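Here are some notes to read with the structure open beside you. Take the points one at a time and find each place in the model as you go.

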Amino acid sequence: MAKSEPAATRRRGPNDPERRARIAKAAIEVVAQRGIDGLTHRAVATAAGVPLGSTTYHFATLDDLLEVALHEAAEKNVQALKEWEAALPPDADFAAALADLVMGYVNEQYRATVVEYDLYVAALHRPRLRKASAAWDEALTELYGLRTDPLTGRLLAGLFCGLLMQAALADPRPTRDEIEALFRRAIDGRPS
């Protein structure tokens with residue numbers, strides 16, 4: 001007969017502080033596999049390896065799950081972009097760096113890019129997600145404004161998002177040089 005753990009050492013329910021975070025990450029994974037329409041409490045519970053009741057305890061509605069997934073994806077993405085910008089030399093060719101960044105997102109990180117856009121675009125039909133999407137936009141604007149100015153930062157954030165979506169959808173994809181030319185025009189203005 002197997003010995004059971006003493007009651008004081010068992011990890012269950014609220015004593016599992018990582019459970020909520022695992023559920024949030026699992027929601028992103030479910031969206032990656034099934035899209036927004038495939039997001040269910042049951043699918044997230046399975047992906048997180050938790051009982052179904054845990055997902056509804058922490059996130060009562062599917063919009064709650066979408067909201068936490070969007071926040072999680074946005075925070076992860078913004079942190080990665082901050083690290084990318086901090087690693088650029090002060091005299092880096094910013095247009096070329098942005099073109100490389102877009103190409104990385106649509107080539108090496110394609111699946112994550114699609115998931116992030118699925119979550120971002122979900123805010124069009126779910127007003128409570130708009131605050132998180134807007135915060136993501138503001139973070140991009142601020143980040144790109146560090147290398148340029150606030151207005152150009154806003155222009156680059158919009159251009160970046162649009163180019164990323166177009167490049168992810170296009171067949172054939174735009175070339176790196178085409179993308180760089182657009183960023184260069186946005187940063188430098190009209191050609192002489």
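1. Let us start with Thr152, which sits in helix H8, the helix made of residues 150-169. Please keep in mind that this is a predicted model. Is Thr152 buried or exposed? Its relative accessible area is 14%, and the limit for buried is under 20%, so Thr152 counts as buried. The side chain of Thr152 is joined to that of Asp149 by a polar contact of 2.8 Å. If you set aside residues up to four places away in sequence, Thr152 touches Ala186 and Ile187.

2. Stay with H8 and look at how helix H7 (residues 130-147) packs on it. The axes of H7 and H8 are 7 Å apart, and the angle between them is about 125 degrees. Angles of 65 to 115 degrees count as roughly perpendicular and those over 145 as roughly antiparallel, so H7 is oblique to H8. The crossing of these two helices is right-handed. On the H7 side, the contact is made by Asp137, Glu138, Leu140, Thr141, Tyr144 and Gly145. H8 contributes Pro150, Gly153, Arg154, Leu156, Ala157, Phe160 and Cys161. Sorted by type, the residues of this H7 and H8 contact are seven nonpolar, three polar and three charged.

3. Now move along to the loop between H8 and helix H9 (176-188), where you will find Pro172. Which kind of peptide bond joins Asp171 and Pro172? The bond is cis, with omega at about 5 degrees.

4. The axes of helix H1 (residues 19-34) and helix H2 (residues 41-48) come within 8 Å and cross at roughly 115 degrees. The range for roughly perpendicular is 65 to 115 degrees, so that is how H1 stands to H2. H1 passes H2 in a right-handed crossing. From H1, the residues in the contact are Arg22, Ile23, Ala26, Ala27, Val30 and Arg34, and from H2 they are Ala43, Val44, Ala47 and Ala48. Eight of the residues in the contact of H1 with H2 are nonpolar, two are charged and none is polar.

5. Val50 belongs to the loop between H2 and helix H3 (52-58). With a relative accessible area of 8%, Val50 is buried. What does Val50 contact, leaving aside neighbours within four places in sequence? The list is Arg19, Arg22, Ile23, Ala45 and Thr55. For one of these, Ile23, there is also a C-alpha separation to check: 8.0 Å from Val50, although the two are 27 residues apart along the chain.

6. Helix H4 (residues 62-87) and helix H6 (residues 110-122) have axes that come within 10 Å and cross at roughly 130 degrees. H4 and H6 are therefore oblique to each other. Their crossing is left-handed. Leu66, Ala69, Leu70, Ala73 and Asn77 of H4 meet Glu116, Leu119 and Tyr120 of H6. The residues of this H4 and H6 contact divide into six nonpolar, one polar and one charged.

7. Ala69 is part of helix H4, and its relative accessibility is 0%, so it counts as buried. Beyond its neighbours within four places in sequence, Ala69 is in contact with Ala27, Ile28 and Leu119.

8. Finally, find Asp93 in the loop between H4 and helix H5 (94-106). Asp93 has a relative accessible area of 38%, so it is partly exposed. Apart from neighbours within four places in sequence, Asp93 is in contact with Glu180 and Arg184. How does the side chain of Asp93 meet the side chain of Arg184? The two side chains make a polar contact of 2.8 Å. Asp93 and Arg184 are 91 residues apart along the chain, and their C-alpha atoms are separated by 9.3 Å.

How values were computed
Residues are numbered from 1 along each chain as its sequence is written. This is a predicted model: local features need pLDDT of at least 70, side-chain atom pairs count only at pLDDT 80 or more; totals for chains, interfaces and linings use all residues. Side-chain values use heavy atoms; hydrogens and water are left out. Axes are lines fitted to C-alpha atoms, for helices over the stretch in contact, and angles run from 0 to 180 degrees between N-to-C directions. Helices (H or I, at least four residues) and strands (E, at least two) are DSSP runs, numbered from the N terminus. Angles under 35 degrees count as roughly parallel, over 145 as roughly antiparallel, 65 to 115 as roughly perpendicular and the rest as oblique. A crossing is left-handed if the near helix is turned anticlockwise from the far one by less than a right angle, and right-handed if clockwise. Contact means heavy atoms within 4.5 Å. Ala, Val, Leu, Ile, Met, Phe, Trp, Tyr, Cys and Pro count as nonpolar, Asp, Glu, Lys and Arg as charged, and the others, Gly among them, as polar. Buried means under 20% relative accessible area, exposed over 50%, partly exposed in between (1.4 Å probe, protein chains only). A polar contact is a pair of N or O atoms within 3.5 Å; within protein, one must be able to donate a hydrogen and the other to accept it, and residues adjacent in sequence count only if both atoms are side-chain atoms.
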